[in-house]
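Some labels in a structure rest on cut-offs.

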Protein chains: 6
Amino acid sequence: MIEPAMTLANRLRAGETIVTAWSTLPGSAMPQELVRAGYQAVTLDMQHGGHDYASVRDAIPAILLAGGHPVARVPVGDFATASRLLDAGAEAIIAPMIGSVADAREFVSYIKFPPAGTRSWGPARAMELHGVAESQAYLMSADAETIGFGMIETRPALEAVDEIVAVDGLDGVFVGPADLSIALSDGARCEPGGREVQDAARRIARAARDAGKLAGIYCNTLDDAVAAREMGFTFISWTSDKAIIRSGVSATLAPFLEAAANKDR
Amino acid sequence: MIEPAMTLANRLRAGETIVTAWSTLPGSAMPQELVRAGYQAVTLDMQHGGHDYASVRDAIPAILLAGGHPVARVPVGDFATASRLLDAGAEAIIAPMIGSVADAREFVSYIKFPPAGTRSWGPARAMELHGVAESQAYLMSADAETIGFGMIETRPALEAVDEIVAVDGLDGVFVGPADLSIALSDGARCEPGGREVQDAARRIARAARDAGKLAGIYCNTLDDAVAAREMGFTFISWTSDKAIIRSGVSATLAPFLEAAANKDR
Amino acid sequence: MIEPAMTLANRLRAGETIVTAWSTLPGSAMPQELVRAGYQAVTLDMQHGGHDYASVRDAIPAILLAGGHPVARVPVGDFATASRLLDAGAEAIIAPMIGSVADAREFVSYIKFPPAGTRSWGPARAMELHGVAESQAYLMSADAETIGFGMIETRPALEAVDEIVAVDGLDGVFVGPADLSIALSDGARCEPGGREVQDAARRIARAARDAGKLAGIYCNTLDDAVAAREMGFTFISWTSDKAIIRSGVSATLAPFLEAAANKDR
Amino acid sequence: MIEPAMTLANRLRAGETIVTAWSTLPGSAMPQELVRAGYQAVTLDMQHGGHDYASVRDAIPAILLAGGHPVARVPVGDFATASRLLDAGAEAIIAPMIGSVADAREFVSYIKFPPAGTRSWGPARAMELHGVAESQAYLMSADAETIGFGMIETRPALEAVDEIVAVDGLDGVFVGPADLSIALSDGARCEPGGREVQDAARRIARAARDAGKLAGIYCNTLDDAVAAREMGFTFISWTSDKAIIRSGVSATLAPFLEAAANKDR
Amino acid sequence: MIEPAMTLANRLRAGETIVTAWSTLPGSAMPQELVRAGYQAVTLDMQHGGHDYASVRDAIPAILLAGGHPVARVPVGDFATASRLLDAGAEAIIAPMIGSVADAREFVSYIKFPPAGTRSWGPARAMELHGVAESQAYLMSADAETIGFGMIETRPALEAVDEIVAVDGLDGVFVGPADLSIALSDGARCEPGGREVQDAARRIARAARDAGKLAGIYCNTLDDAVAAREMGFTFISWTSDKAIIRSGVSATLAPFLEAAANKDR
Amino acid sequence: MIEPAMTLANRLRAGETIVTAWSTLPGSAMPQELVRAGYQAVTLDMQHGGHDYASVRDAIPAILLAGGHPVARVPVGDFATASRLLDAGAEAIIAPMIGSVADAREFVSYIKFPPAGTRSWGPARAMELHGVAESQAYLMSADAETIGFGMIETRPALEAVDEIVAVDGLDGVFVGPADLSIALSDGARCEPGGREVQDAARRIARAARDAGKLAGIYCNTLDDAVAAREMGFTFISWTSDKAIIRSGVSATLAPFLEAAANKDR
Ligand SMILES: [Mg+2]
Ligand SMILES: [Mg+2]
Ligand SMILES: [Mg+2]
Ligand SMILES: [Mg+2]
Ligand SMILES: [Mg+2]
Ligand SMILES: [Mg+2]
């Protein structure tokens, strides 16, 4: 059995807030360093980031070795890859652009074993990585101990959010504020921090809570992240690897350049 | 023209039993060694194993260099990859979770040229690897000299097996006993060697034979493999790379440790 | 904003003829060298060539560094990958086997932002590579400055070509002569240079021009390429990396062998 | 401080016999599986195996994740790589073809910090992997908790073995029976199991023991391995990945083929 | 000719202070991002970092694409690799553990063409990357437009620093404070920021300036970096990729956790 | 035993002229295509090209699969890599910058087994690739069936050429005209086709022939290649992958552009 105390699923279901770094640069070295630097989870992005199946497959053990929870976002509609990444040891899968109950059900069918879904059997690697010795134990625990988040980031999804969160086997929803902003403005604006998006996020979090499901969100600013937590999101992406690098450079290189400039005056 | 005497298709159609190793560890070195150690074929698993397109693309010539037949299993529903792997020189493709006649027909459409299907033209690499110099020769022989297996591993598939094996262009079926076990027990058990699964396997083999199609199966124990052969399966997966490593370690390390323990007494 | 003067879209829309090399060998070194040797564009082929997402992701900056336009062909129906490659900086995507208006619309939905489509937001890498600093600028310009070509290479597509070229958001069509030849002969022949295919190509070019859309084509001989230009194609693939290597070897090794043979006489 | 109870050095110095698998196939998947299948240590061979720096760098964490001890053999005379691999987290380095006291001293200079040698400081990765938080702690413990084996496999080395084992900072010697056989026969024979080699091995083990140093050896047969243990070798390579694969195939495929042949009679 | 205005050599020789990031994580994505985030140069570390020849070869164009200067540190004594990396387009090479005039001369022999050294001809890739079209132009400019730094980080080197900086063809020296600290304390301490090391650094900078050579240094703290600039160092490594990640995580994740903790009170 | 009729050594020793392509772009796809396009041998360049050990290790079987002879040039003085590449299946090694009898002898010591040298035993991969089943057979044949070329490309080497070619175990010499040109002009010119270099080449070829050794050369023009053959060189590098690409583009793209330009007039 996947050791419940250790799983991301268990921690989130116990109400813990988990902050994830968002990994877009291919490779497994930086994901591991993000854990060593303090992150509990790293989300490997195959949709908009540079990751592919192979780099996610290799980053998962790198994250686990440092004690972090490996999560992956798959490309739009690529549910077969969701299955493969659970087999590869991911603890949670984020599926983008879930626009309807039908989408949610199809996603579930790929990530949950019968009778909840039709996930196909082949978790040998996940069992190794998570210390599960017996097939039967994995079969009995995997649906509960791995998580599928469906992304709510379009107008139809927002309208159907109560039905989507009610889909059996869908563990949670995850808000994509940039796409939501574009969708709600009919392509006019990318303002993930705008009022309309924030209101939608709040509504999504409430829908999830009411349905007993998890709620996650991608945040673009510290304020958004703090606000998200207050809205009830407990799986919070703050922030991306590129933003962390920029912040790190600001915190180290900038003071040197400033000191140098002062001397030169 | 693909040299018939050399192809996996030709050997299977002549009634020969072919045993394949099942490769789940990414990389092309071990697949090649499996051929050098005696296997006639190696199946590179993209569904539950660690392979992706690139590792399969590279393992195919590695297997051919050692004189083996390269086979690949694609992810669920990923028929575009089936086409790409035929272009890359695979001799057979195994498609998991074929649940209906419609699934089988869609799979066929990707792996057979018109008029049987709509496989798109672009076999330059396969022609190089198999020594086919002329496009016309490849076009005329490819459908016959490459094989598509549809996996029968769900309840609906089992019920429709007679119709599925009858689908034109589908070369054979391949039994997935673990998924079948889970499906037949409605998610209660993973017992690929159980009676119910064995009965289903026998029925599938018979359906294939009656339709003049090939029958393959994944085996988890030596007994299952021997039994499968008696049931009429001629493309037999026995066993996986991980199982081979464990057996190899048992056969080499264990006697040393035992000898050492005896001395210490 | 993507700098219009520099984009492939801008050049093609201005009526310029662009010749692309066709890259089938995985890796980014040869694509870059093809630009250094004179090509304006290189098309990285994931359908029939050896490229996968990772090799395309890495070849795009390699092509840009040398001043070329990176283009990619995705596998059949793999529109999610089309989105990912735009995010990775590709300037144009070629989608094979577009057989109907519905196919074309689905393709468009993945490569154009709302309201034209539902492309999901995440172009950080493309913005870096193309020097676009502001999200809003990218959102406003991306649909115009990146190109989606749908391939016309089946009988139904040919019959529906006027409707397909009229699909909003589809920037152009691209002719696949080999598949067309096979389709038009019902699987009997692969003669991409044959009369029937040439007539079809001419008809497709005319349909595109009448609809104000771009027209591209894959050419197998110099004569075909010259003829294609006269038919009105402005995005012309001539020729593949393998053909370039063979031509290069003919131009260098052959004269040496000939000179050597003459001496030996 | 590197946790002594966990290190290979500590276990060997406590008199424990450690059996290592010998990894020659590039990649990190099989090394990890060898640990999961029972090995305590895996030696990654850069001299005669297919490993290079990058594959060793990546296999080290893969071995550690499964609870094994990572060891590496460097190419002849490539002591700079020995340093790099200690920085990368290897617990022991085997240096081939140590032919003299001077060779041994040069090797030591690269793997031990001042004053024992001149190993250059930069163990950030090793500290991460082995859980050492403070630089000072690593500096104080690293020389003791990592191991350098010099290979004795030439005639001059054999003659100087007593002086070589006495070199300060050299932790042990490792016998290469194949090279020894060729050397002792002046190139006439490769008989690693022959009497002459076995006598030499015994003499080397004794010299090491008398000097308080560790003794390791590469074994080609079970009998050689058992004999080596009796001679006093405690770091025993038995057996290579290729031999394990062959044994594994013999143990799994062969019985099937035999059963099949019996049926056919 | 390598365009002088653009080269790192030219900028340093004009007295400009250049700050380099220090790259230890293999891969080319983060090095490129470090330039996009503000660094003028990135040093790819093959001695203690995870880079090997291939990752440096690939990171060089990645750095150039973003407008940065690629620098590499080679393993101890691996001067052949120094030549290869100049051929691959590196603008400067840092050679560790230069302990004597003889070491410095040997290093020079690999990085400067005749008559200054015996660097072997083969800069085709560097010419491509730096826009040098003619061989003769490269031959005439390369020695001046690429830089070799010898590291001063041992007691003998410190004692011979005046002679080392005087070696013809050596462009500069680079201080390794950690190794210097260990060396000067005879292995007792790793205190790169200690007084003794700082005094030695000052002395080295002065020796370089007096000889008309460049001076670089690795800095572990902002104070050290500021102090180094005042001592006259103009090529300053501040700071490593891992430190940048940690700083970035501190600047982004920590405030969120703090805000969350405050709310919880 | 390595099958003599098939080896490069055997063909060269029988007096056959072998033309090799020179591979500088990393990867194994283009080396294989060069063989398919007509080359008998491909030389993988680790000195000035982008190859490293791993890319050579992987390109060797790719070349063999297409029926070509794999050759490698190692970095300056990196004889340990020469051994590793023979183990990896290379049929010939070219060592650059052999400047003296001592250099030649050291090179020989790494590539020939006792008593000719001290090459260390470990050819399992080479045996697989070349079909040698028995260790004893490989030991008895390897020195004869693999080739080491020492490059003559400096003034001291040219002066000592008669002594160098006389070194036992050195199979041949290989002329580097670019370095020779720079050396003979004391760094003033890179004119590999100049008179002085041609005279030196002729002298080197004669010295080799008189000593019963092989002679190879790198050629930059067709005329040089034809002349080299007349001088007695039988292992001729003509031409590099980049030059082949440029020639191929000239032969395919240029005529199209010309035809297009004519139409436009
Ligand atoms: Mg989104
Ligand atoms: Mg299955
Ligand atoms: Mg097509
Ligand atoms: Mg040895
Ligand atoms: Mg140092
Ligand atoms: Mg040279």
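Q: Why is Lys263(D) called partly exposed?
A: In this predicted model, Lys263(D) has a relative accessible area of 48%. Buried means under 20%, exposed over 50%, and partly exposed in between (1.4 Å probe, protein chains only). Therefore Lys263(D) counts as partly exposed.

Q: What makes Lys263(D) and Glu230(B) a salt bridge?
A: A salt bridge needs a side-chain nitrogen of Lys or Arg within 4 Å of a carboxyl oxygen of Asp or Glu. Here the N to O value is 2.6 Å, so the pair meets the rule.

Q: Why does the pair Lys263(D) and Glu230(B) join two chains?
A: Lys263(D) lies in helix H13 (residues 241–264) of chain D, and Glu230(B) in helix H12 (residues 222–231) of chain B, so two chains are joined. Helices are DSSP runs (H or I, at least four residues), numbered from the N terminus.

Q: How do you know whether Lys242(C) is buried or exposed?
A: Its relative accessibility is 10%, so Lys242(C) counts as buried.

Q: Why is Lys112(D) called buried?
A: Its relative accessible area is 3%, so Lys112(D) is buried.

Residues are numbered from 1 along each chain as its sequence is written, and chains are lettered from A and ligands numbered from 1 in the order in which they are written. In this predicted model local features need pLDDT of at least 70, side-chain atom pairs count only at pLDDT 80 or more, and totals for chains, interfaces and linings use all residues, while side-chain values use heavy atoms, with hydrogens and water left out.
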